[in-house]
Amino acid sequence: MILIAGGGIAGPAVALALHKAGFQATVFEGHADTGEDAGAFLTLARNGITALAQFDADDLVAGAGFPLTSMQVLTSDGETAATAPLPGYRCLRRAELCGLLQAETVRRGIPLHHGKRVEAVVESDVDVTVRFGDGSTASGELLIGADGLNSAVRSFVAPAAAPRYAGQRVFYGYTEAGTPPHEQERIVMVRGSAVAFGYAVSPGGETSWFGRVHAEENSAVDRHRLLDLLRPDATPAADIVAATSGPVLATDARDVPSVARWSTRRTLLVGDAAHAASPATGQGASMALEDAVVLAKALRDSASPFETYERARRPRVEHNIANSARMTAGATSTVPRRREPVSEDELAAQLDWDTPLAGEVRRGPCGGTSSAGTTARC
């Protein structure tokens with residue numbers, strides 16, 4: 001049995017991928033049945049949808065949200081600086097994606113328990129045991145920490161690693177009252193004089209938007225201050241925010257720049273628990289879905305799956321963290337631009353379900369071994 005801590009995006013995705021690879025898993029989510037991931041929206045990139053397809057879950061998002069096929073970049077003067085295609089992207093609410101993945105996990109017969117917040121992890125020679133906040137425990141051969149930015153499992157695996165403030169306060173909102181200029185299936189990114197802003201309009205007329213403001217950590221920047229910063233620019237951004245009558249979510253952007261160790265003998269970190277980036281690249285969900293595929297393949301094919309997984313994933317996700325930090329810092333950033341360390345062909349091979357990971361030989365759905373050297377259970 002493989003235990004998975006976290007029921008957001010990474011946890012259910014890992015469970016679904018492991019299930020396809022022939023492993024038994026159970027998901028433990030800290031939140032109650034309601035209240036998780038309320039508010040923010042996300043863009044699911046083509047690589048994320050490709051990853052979903054590897055464990056037969058891409059149909060889940062085919063009818064969710066709406067497609068994005070192009071991007072327009074505006075200057076603070078309202079002029080178009082660039083346009084670019086975005087093949088295979090979708091815009092949807094984070095809560096919607098979480099709900100779809102959780103429902104599919106349950107539909108496939110994978111146990112998923114809510115209200116199970118990790119408090120302690122204890123490893124032995126034969127298993128790993130998790131103690132939850134409600135006093136209950138669970139034991140299995142392996143534990144996958146998919147419990148996000150503030151991971152409790154990470155505090156066991158790599159206690160020195162911790163989130164850092166990325167330098168921006170991020171706002172998210174929705175409005176049906178605003179009517180910004182737009183084309184169907186296009187996301188508009190605004191290089192504002194004081195705010196990095198973006199919006200997309202659904203076929204039903206709802207505008208999803210975000211704004212990123214440079215600010216001190218735990219600052220008093222609020223919706224009213226956001227409007228003050230947007231109004232000097234000749235863009236639709238201020239009108240969009242002013243037309244938002246519902247809640248506006250505000251949060252300090254954080255990342256985890258480096259986690260020296262992703263695993264112990266029986267415990268492994270995935271998703272934001274291992275490699276959280278600030279939201280500038282919009283790749284957090286897609287990277288977590290990639291993780292799920294590569295981990296399932298590593299457990300299926302490799303005699304040292306944790307090491308194989310980390311070797312495949314670390315270069316790409318750390319590049320995303322650095323790139324997102326550079327974008328967050330802005331034009332005056334001293335963070336160097338780095339070339340993507342994983343080519344498109346290499347990524348395609350990593351994500352293709354039937355292609356063994358580099359240096360590995362596919363053993364079949366029940367032929368993998370755990371990092372503890374035990375035969376995988378089907």
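Setting aside neighbours within four places in sequence, Ser 208 is in contact with Phe 41, Gly 173, Tyr 174, Gly 198, Tyr 199 and Ala 200. The model in which these contacts occur is predicted. Ser 208 belongs to strand E14, which covers residues 207-214. With a relative accessible area of 4%, Ser 208 is under the 20% limit and is therefore buried.

**Overall architecture**

The protein has 11 helices and 16 strands. Its radius of gyration is 21 Å, close to the 21 Å that the globule rule gives for 378 residues, so the protein is as compact as a globular protein of that length. Along the principal axes, the C-alpha trace spans about 65 × 45 × 40 Å. Of the contacts with a separation of 6 or more, 71% are between residues 24 or more positions apart.

Buried residues account for 52% of the 378 residues. The accessible surface amounts to about 15900 Å², and carbon and sulfur atoms contribute 50% of this area. The protein carries 36 positive and 44 negative side chains, and the centres of these two sets are 3 Å apart.

In soluble globular proteins, nonpolar side chains tend to be buried together. In this model, the largest nonpolar core contains 75 residues, and Leu 44 and Phe 55 have the most contacts inside it. Helix H9, residues 284-301, supplies the largest share of this core, with 11 residues. Apart from this core lies another, of 21 residues, among them Tyr 165, Phe 171, Val 213 and Leu 226.

Phe 55 illustrates the packing of the 75-residue core. Beyond its neighbours within four places in sequence, Phe 55 is in contact with Ala 13, Leu 16, Ala 17, Lys 20, Arg 108, Leu 289, Ala 292 and Val 293.

Helix H2 comprises residues 46-54, and its buried residues are Asn 47, Gly 48, Ile 49, Ala 51, Leu 52 and Gln 54. Just after H2, Asp 56 adopts a positive phi of about 60°, although Asp 56 is not a glycine. Asp 56 is located in the loop between H2 and H3. Its relative accessibility is 47%, which lies between the 20% and 50% limits, so Asp 56 counts as partly exposed.

Glu 185 is likewise not a glycine, and has a positive phi of about 65°. Glu 185 is found in the loop between strand E11 (164-175) and strand E12 (186-191). Glu 185 is partly exposed, with a relative accessible area of 31%.

Ala 64 is in the loop between helix H3 (59-62) and strand E4 (66-75). The relative accessibility of Ala 64 is 3%, and it counts as buried.

Phe 156 lies in helix H5, residues 152-157. At 29% relative accessibility, Phe 156 counts as partly exposed. Excluding neighbours within four places in sequence, Phe 156 is in contact with Val 121, Glu 123, Arg 261, Thr 264 and Thr 267.

Arg 362 is in the segment after helix H11 (344-351). Its relative accessible area is 34%, and Arg 362 is partly exposed. Not counting residues up to four places away in sequence, Arg 362 touches Arg 300, Asp 301, Trp 353, Asp 354 and Pro 356.

| Residue pair | Sequence separation | C-alpha separation |
|---|---|---|
| Ala 64 and Val 27 | 37 residues | 23 Å |
| Phe 156 and Ser 263 | 107 residues | 9.6 Å |
| Arg 362 and Gly 109 | 253 residues | 25 Å |

Key:
Residues numbered from 1 in each chain as written. Predicted model: local features only at pLDDT ≥ 70, side-chain atom pairs only at ≥ 80, totals over all residues. Heavy atoms only, no water. Helix = DSSP H or I, 4+ residues; strand = E, 2+ residues; numbered from the N terminus. Rg over C-alpha atoms; globule rule 2.2 N^0.38 Å. Buried < 20%, exposed > 50% of the residue type's maximum accessible area, 1.4 Å probe, protein only. Contact = heavy atoms within 4.5 Å. Areas by Shrake-Rupley, 256 points an atom, 1.4 Å probe, with all protein chains shown as cover. Lys, Arg positive; Asp, Glu negative; His and termini not counted. Charge placed at Lys NZ, Arg CZ, Asp CG, Glu CD. Core = buried A, V, L, I, M, F, W, Y, C linked by side-chain atoms within 4.5 Å.
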